[in-house]
Amino acid sequence: MRDRILRILSSYRKDDIRIGTIGSHSALNILRGAKDEGFETVCICRERERFVYENFGVADHFITVEDFRDLLNENVQKKLRERNVILIPHGSYNAYIGSLYNLEIPIFGNRVLMEWETLREKQREWLLESGLKVPKTYPSPEEINGPVIVKYPGARGGSGYYIASSPEEFWRKANELVNRGIISQEDLKNAHIQQYIIGVPAYFSFFYSPVRERIELIAIDRRYESNVDGIGRITAKDQNEMNIIPTYTVVGNIPIVVRESLLSRIMEDGMKVYEHSKKVAEPGMVGPFCLESIIDEKGEIYYFEISARIVAGSTVGIPASPYSYVLFGENMYMGRRIALEIRLAIEKDMLGELIF
Ligand code: AMP
Ligand code: AMP
């Protein structure tokens, strides 16, 4: 497959490369970044959202589709190839399209690692083998003996997650969520039961640059989740009367700077994950990746997820996060960093090392 993609890439005119992505998730970030680096942009979008990308002025060309899955249609892919498009994958690819192996288009980043991130067990293995601390997992609900968070497979933005502290509480809440139609019986069968870490979430957006051969910390954010982030607005007395189940549906993100003494560990952890990624899938991580953590009161960092691509939270870093500004001395954010890497690679004739 890689050979076929590299052949397509070699047919592209290097002075007329365009950057494209699906119109959702972090497309504003990606497309604006491409324009800031002088590329023409292509947005593959649904009719109902097209006005957003038109309004923000980030797309030079549109390919309108009925459904994001239409990206798999040969005629859409042909249009992209004819327009010299490099696709930048984001969270909506996993959610709406499935395997990136179905796309015969040059993609920025390592496709194999992007497949890994869709499987929790593989992510966990990758984090563990990199030497990072991860929350414990429970193979069955009957073994729950402390606070746990219950999750489901795939990128679904935290919908239907809940907390339990015993097998009885697991089943009581599961049944309630099934009755309310928030989760299905099928979801329950595939539930992933993880130790709940009491602490604060912090998501680190890194970029590995093959051109500069270095890891860069581009931004840090946390998710803003409903209803768990709203519960604190209600007094404990009212909470008790309302019978609320905390849930984790992501609605947005908030920027963070961390205590500076935590940075050495965070950056070392980023490097360890990068180093191990070479063993997972040669040549390892290319471009953006995100480590998602909870930091507890002792300053221990527990990682519960890796994303091997741009995350939506990196949009908090437009036009620059404190970290990217310190590093670059000018506006720099994940979408722009991706485009900068592509531009530098074109200049150095290294594009083949970024494309999979
Ligand atoms: P959407 O088009 O908003 O449904 O997003 C596509 C996929 O990306 C879904 O699986 C979402 O859960 C995920 N996603 C979107 N925005 C965010 C965000 N800000 N943080 C984390 N995940 C997100
Ligand atoms: P995920 O879908 O795995 O990214 O998790 C969604 C949200 O659930 C995170 O943003 C956290 O707020 C919360 N969360 C996930 N795992 C844990 C954990 N092990 N301990 C505490 N909170 C967690």
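## The chain as a whole

Of the 356 residues in this protein chain, 53% count as buried, where buried means under 20% relative accessible area, exposed means over 50%, and partly exposed covers what lies in between, using a 1.4 Å probe and protein chains only. Keep in mind that this is a predicted model, where local features need pLDDT of at least 70, side-chain atom pairs count only at pLDDT 80 or more, and totals for chains, interfaces and linings use all residues. Residues are numbered from 1 along each chain as its sequence is written, chains are lettered from A and ligands numbered from 1 in the order in which they are written, and side-chain values use heavy atoms, with hydrogens and water left out.

How does the overall size compare with a compact globule? For 356 residues, such a globule would have a radius of gyration near 21 Å, and the chain has 21 Å, so the two agree. That radius is taken over C-alpha atoms, and the globule rule is 2.2 Å times the number of residues to the power 0.38. Along the principal axes, the C-alpha atoms fill a box of roughly 65 × 45 × 35 Å. The chain exposes about 16200 Å², with carbon and sulfur atoms supplying 49% of that area; the areas come from the Shrake-Rupley method with a 1.4 Å probe, and for residues only the protein chains shown count as cover.

Now for contacts, meaning heavy atoms within 4.5 Å. Take the contacts between residues at least 6 apart in sequence: 63% of them join residues at least 24 apart.

## A five-stranded sheet

The chain's secondary structure comes to 13 helices and 13 strands. Helices (H or I, at least four residues) and strands (E, at least two) are DSSP runs, numbered from the N terminus. Five of the strands make an open sheet in the order S11-S10-S9-S12-S13, with antiparallel pairing. At the edges sit S11 (248-255) and S13 (301-307), each pairing on one side only. From one strand to the next, the twist averages 35 degrees. Two strands pair if DSSP finds at least two bridges between them. As background, strands of a sheet pair through backbone hydrogen bonds, either parallel or antiparallel.

Let's look at strand S9. Eight of its 11 residues are buried. Which residues face Phe 204? Phe 204 stands opposite Leu 291 in S12, and its bridge partner in S10 is Ile 220. Further along the sheet, six bridges join S12 (residues 287-296) to S13, and Ile 295 stands opposite Ile 301 in S13.

## Two helices worth a look

Helix H13 (residues 334-347) lies across S9 (199-209), S10 (214-227) and S12, running at about 15 degrees to S9. For angles like this, axes are lines fitted to C-alpha atoms, for helices over the stretch in contact, and angles run from 0 to 180 degrees between N-to-C directions. H13 is mostly covered, with 11 of its 14 residues buried, including Met 334, Ile 338, Leu 340 and Ile 342.

Helix H11 (residues 263-280) has 18 residues and reaches 25 Å from its first C-alpha to its last, close to the expected 26 Å. Among its buried residues are Leu 263, Ile 266, Gly 270, Val 273 and Ser 277. An α-helix has 3.6 residues a turn, so residues three or four places apart point the same way.

Most residues other than glycine have a negative phi, and most peptide bonds are trans. Where are the cis bonds here? One runs from Ser 226 to Asn 227, with omega near 5 degrees, and Asn 227 lies in strand S10. Another joins Ile 318 and Pro 319, with omega about 0 degrees; Pro 319 lies in the loop between S13 and helix H12 (322-328).

Some residues take a positive phi. Glu 213 does so, near 50 degrees, in the hairpin of S9 and S10, which has four residues between the strands. Is Glu 213 buried or exposed? Its relative accessibility is 64%, so Glu 213 counts as exposed. Asn 243 has a phi near 55 degrees and sits in the loop between helix H10 (236-242) and S11. With a relative accessible area of 48%, Asn 243 is partly exposed. Just after H13, Asp 349 takes a positive phi of about 60 degrees.

Conventions: The expected span of a helix is 1.5 Å times one less than its number of residues.
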